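Hi,

Here is the structure I promised to pass on. Have a look at it first, and then read my notes below.

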Protein chains: 2
Amino acid sequence: MNNEFIVTPWEVTGEIDYDLLIERFGTKRIDNEMLERLSKYGDLHPMLRRGITYSHRDLDWILDKYDAGEKFVLYTGRGPSGNTHIGHLVTWMFTKYLQDVFGAKLYFQMTDDEKFLFNDNLTLEDTRRNAYENALDVIALGFDPAKTKIFLDTEYIRTLYPIALKVAKKVTFSTARAVFGFDNSNNIGSIFYTSIQAAPAFLESELQGRNVPCLIPCGIDQDAHFRIARDAAPLLGYYKPALIHNKMFPSLMGGNKMSSSQPETTIFTTDNAQAIKKKIGNAFTGGAVSATEQRKHGGKPDVCSVFKYEYFLFEPDDKKLNHLYDACKRGEILCGECKKRLTERVVKFLESHQKKREQAREKLEAFILRDR
Amino acid sequence: MNNEFIVTPWEVTGEIDYDLLIERFGTKRIDNEMLERLSKYGDLHPMLRRGITYSHRDLDWILDKYDAGEKFVLYTGRGPSGNTHIGHLVTWMFTKYLQDVFGAKLYFQMTDDEKFLFNDNLTLEDTRRNAYENALDVIALGFDPAKTKIFLDTEYIRTLYPIALKVAKKVTFSTARAVFGFDNSNNIGSIFYTSIQAAPAFLESELQGRNVPCLIPCGIDQDAHFRIARDAAPLLGYYKPALIHNKMFPSLMGGNKMSSSQPETTIFTTDNAQAIKKKIGNAFTGGAVSATEQRKHGGKPDVCSVFKYEYFLFEPDDKKLNHLYDACKRGEILCGECKKRLTERVVKFLESHQKKREQAREKLEAFILRDR
């Protein structure tokens, strides 16, 4: 068992053992029983079927509430450190699925303050600009404008701040240090920040003046923030937010997590066909040292980043995906073919996305929430 | 020499040695040379003449700037933990003197967030209500409405927050702990808070888009916040704020600092004549055990809280004050007389203040600054 990996909101390193994370964080696995329950609300999303969305907190509770007629709001977000990449889209697409299935309102937080505080090289102007660019990607996915509100922390702070203060008053430095691994060298803004990420979980309750359940779809790396939010909730008279976690979208280099800080191994939503082709061309695969060798012994789709792309997003048909897996294993298909097919799919997907992304500029103001 | 006293923004205990504070904090004494310089701008305020306003940082620098035609803004504030008492008025009256003499714009911060974060018994609703009540006392003192802006942190946070973030990014937990004495049990809001108190020092520079000098008149107990603000300033391209410190307004029990948390020893601006009479009647004085004894050996005005009240505010005439001092020393005047005279003066002062305070309700909105 590998204990060397690290998963926090600001650091994901090592080979992640996702089963161990469930233990470490104390979350619950989305088991077959839960999948069966979820399938009653609508067709299971591929990410659920494939165990990419694999862990939760209080999902059963929030479904009980829903069944009893108490609707929940969704809350997710983005740290606008740079351009959007495909890994971000995956979580947001799953969020849209939840919006569609449950008819849920969505609050989408752009943490321009966080990315400023945690990144020496970014100014607030940078993170704000990124936030607006990232918002185009969110809108392009087709969220319901009547039910979706996107806000930048610095533009919605007058609403968020009092909620954040209430949370902050209940969280000691000791707790923050234990949860996030802070030390004396962390800046005082970064120490406070988790209160701002907690606030939207209670936003609808504050705005409505009554408790409204909140479900947070997010990467499992964000869980730490919401452990804190959940601990504070009952002290403030709020419902604990429920969570539904997905695994990290893999890097083209075979690593755990696609990262904006490694642009060569990351496909951004604004990349053109040439860039996509080059990046996928250089991707880490499970291929053998030679074509002959591979035809003879087969490839290793389990470690192949190209296969992972199909698995996470580009091949939603389980049968076809299994066929691809088997064909690779048997040496019937070589890496070049897989890369070519994935490149075509990504190019097609992003060309369509980029069109909608440009159209989103017109719609932007309808989605943006600012302090009145 | 007494080293046992503590002076921080949240704790003032022990017998304060104000000379030692200058050493500890590394500030400069307002010496005769400085007093002479200040007297050229306008008659010296009694608090300057009497050494109540006694310490500074960069006051010479900001006067040089002023002499060279670069006007400064004033910034002071109030932690709205409860009603205003006379001790608060004293600093604000001195601030008004500075506004009058230098024609300076004033930013007045109501730290409703701070008092919420640092006081278990206060809600945000409490501290906001207090802030508006306290603002009436500020306005009643006659500040120029064209040059004076009062804001609550939670209502002006969208403007303050980006400045606070910039400060926070430059302050480590290590520094905050060293300056304020924080430990692991402090809540994460209180650790961040100093950034919010720093922000108004740079507000005019942000709003004007160019550096504007800022002078902060405050109790010496607030110096810690501005040591942090001053350290951060050059890293952010701002001028360091200059400071002018006054001593704490004494308690009626003879202690160092009048405190709202001890209502029996504190005269609030809303107290009626009866309450004032009772509080001053119970005040700690420098009297002897009997009238006979006192007529023979004299009283001790140096430790007498009634005399300190005259000294801080109610007897602006130095000659008369000296006469009172000598008369007490010589046993020519007894505590009862002094209490009676002070009671009359305080009642008269507060009756007039209370009228202006009620009239201030009409003017309130002209002074309040909120996010646009």
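The buried residues of helix H17 (residues 335-367) of chain A are covered by parts that include helix H7 (124-140), helix H13 (273-281) and helix H15 (305-314) of chain A. Before going on: this is a predicted model, where local features need pLDDT of at least 70, side-chain atom pairs count only at pLDDT 80 or more, and totals for chains, interfaces and linings use all residues. Residues are numbered from 1 along each chain as its sequence is written, while chains are lettered from A and ligands numbered from 1 in the order in which they are written.

Which residues of H17(A) are buried? Among them are Cys335(A), Cys338(A), Leu342(A) and Val346(A). (Buried means that 20 or more other C-beta atoms, placed from the backbone, lie within 10 Å of the residue's own. Helices, H or I with at least four residues, and strands, E with at least two, are DSSP runs numbered from the N terminus.)

H17(A) also has a kink of about 55 degrees, centred on Arg361(A); the bend at a residue is the angle between axes fitted to the seven residues ending there and the seven starting there. The helix spans only 42 Å between its end C-alpha atoms, whereas a straight helix of 33 residues would span 48 Å at 1.5 Å a residue (the expected span is 1.5 Å times one less than the number of residues).

Now to chain B. In strand E6 (residues 106-110), 5 of the 5 residues are buried. Leu106(B), Phe108(B) and Met110(B) point one way, and Tyr107(B) and Gln109(B) the other. Strand E5 (residues 73-78) of chain B runs parallel to E6(B), joined by 5 bridges (strands pair if DSSP finds at least two bridges between them). One bridge pairs Leu74(B) with Leu106(B). E6(B) is also parallel to strand E7 (residues 148-152) of chain B, again with 5 bridges, and there Phe108(B) is partnered by Ile150(B).

How do the chains meet? The contact takes 27 residues from chain B and 27 residues from chain A, where two residues touch if their C-beta atoms, placed from the backbone, lie within 7 Å. H8(B) gives the largest share of chain B's side, 7 residues. Since 100% of the interface residues of chain B are also interface residues in chain A, the copies meet through the same surface.

Cheers

Conventions
A residue is buried if 20 or more other C-beta atoms lie within 10 Å of its own, exposed if 12 or fewer, and partly exposed in between; C-beta atoms are placed from the backbone.
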